[in-house]
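Here is a walk through one part of a protein model. Have the sequence and the 3D view ready.

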Amino acid sequence: MDSDFSTMGRSARELIPVPALPLESIRSRSHRVRARGRMRAFVAFAAVSLCALGAVGGVGAKIYHGAQVWLSGGQVTSMVDSGILMRQPTAAELRNVIARATFPVVFPVGVPAGSRVYMVTLAPADHPSMITVSYQNDRSGFKASFALLDPAVVNSGDAALPGGSAPPLRAAYHWRAGGETVAVLKNLISLRDANRIEAAMAEASPAGSLAVTEAMLPKMTVLGATVRLAIAERYRSANGRSVLLDQAYLRTIPLLVQRGRPLIDSRIAYITQIAYAHGDIAKGVSRQPKDIAISAGGVRAVDAVLRSTGTAHDRDCGCEILFNQPSASVYWIWKIPFSGSAGVSKYSVDARTFAVTPAATEPGRSTQ
């Protein structure tokens, strides 16, 4: 892979283990190299994200079952050799991966009401002993990532600290919750929030905390940095698979139509053989995503709606698209505008002729 892992790694220091998305640089690069560039940037970032609490290279330390964490004096760092990055995971996807965890997972509870889980990372990939859950809350501004750790991979005390090219340890709150260790960087959360969440987790069970977490996950496939998820969930159909697309993905539609290709679900990245240099991830081996989010016919239907509403040429509809195929004969597509003053528009597209017909826009009956 020709992506520059080291350059991206240098910007990946703000969350544990998942850094803040360099959205502007990813968008900028996407405009230049279109769909392939977007995929490469995402996969490269996925590898960097799985650097966990910090990158450690050349220290000669053995990674315990693929992951190792150091906690000392209220500071933390770590290293992994493989992992999985999941953007906007669904409940079924989260259940599938935590079933292989090496410890009973207690998810954070007591986070501010209205928070969403937007990313989960797991390391190592086969049997996770390190799980990080990232939250954001647009109303309160809360945004933090919690590392949930198997105590077996945690080294404590100054004598166990890594050396070599390891990055500086970073100040973090950490505590025990059931059979796991929890860590969160101090610059991401207030002491008041940390204390409240620690107390809530002390009373939580793995099953109960999972139920709370599932309520914060999207109820559909979400591709991109969506800002209209809450609206889309009100309109999504109870039948078929619903997919929400942001503008970055919508810009790939014309090329996919031209090539007769489906839209690939790139939310989940698998990275192995992670190697470190100078405190950053230097390289990794990624598995290219193959799961289909929207079929080639569905992609044509989205394109037909964009053309029918006069937005196919400039590829900027000022909206996000909600896609659903309730039956083999029809596609349903909603345009969800960014402007609060404009309403949601629904269209029915014939699966054989791709004729577009405006449809009623009542919210869907099911939110389950």
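C317 is buried, at a relative accessible area of 17% (buried means under 20% relative accessible area, exposed over 50%, partly exposed in between, with a 1.4 Å probe and protein chains only). C319 is buried as well, at 1% relative accessibility. The model is predicted, so local features need pLDDT of at least 70 and side-chain atom pairs count only at pLDDT 80 or more, while totals for chains, interfaces and linings use all residues. Residues are numbered from 1 along each chain as its sequence is written, and side-chain values use heavy atoms, with hydrogens and water left out.

C317 and C319 form a disulfide, with their sulfur atoms 1.9 Å apart (the cut-off for a pair of cysteine sulfur atoms is within 2.5 Å). The link is left-handed, with -95° about the S-S bond. A search of the whole structure finds one disulfide.

Now the strands. Strand 16 covers residues 319-327 (strands are DSSP runs of E, at least two residues; helices are runs of H or I, at least four; both are numbered from the N terminus). Strand 16 pairs with strand 11, residues 243-245, in the antiparallel sense over three bridges (pairing takes at least two DSSP bridges). V243 has F323 of strand 16 as its bridge partner.

Both strands belong to an open sheet of six, in the order 10-11-16-17-18-19, with mixed pairing. Strand 10 (221-223) and strand 19 (356-359) are the edges, each pairing on one side only. The twist averages 25° from one strand to the next (axes are lines fitted to C-alpha atoms, for helices over the stretch in contact; angles run from 0 to 180 degrees between N-to-C directions).

Helix 9 (296-308) lies across strands 16, 17, 18 and 19 (contact means heavy atoms within 4.5 Å). Helix 9 runs at about 50° to strand 17 (330-337).
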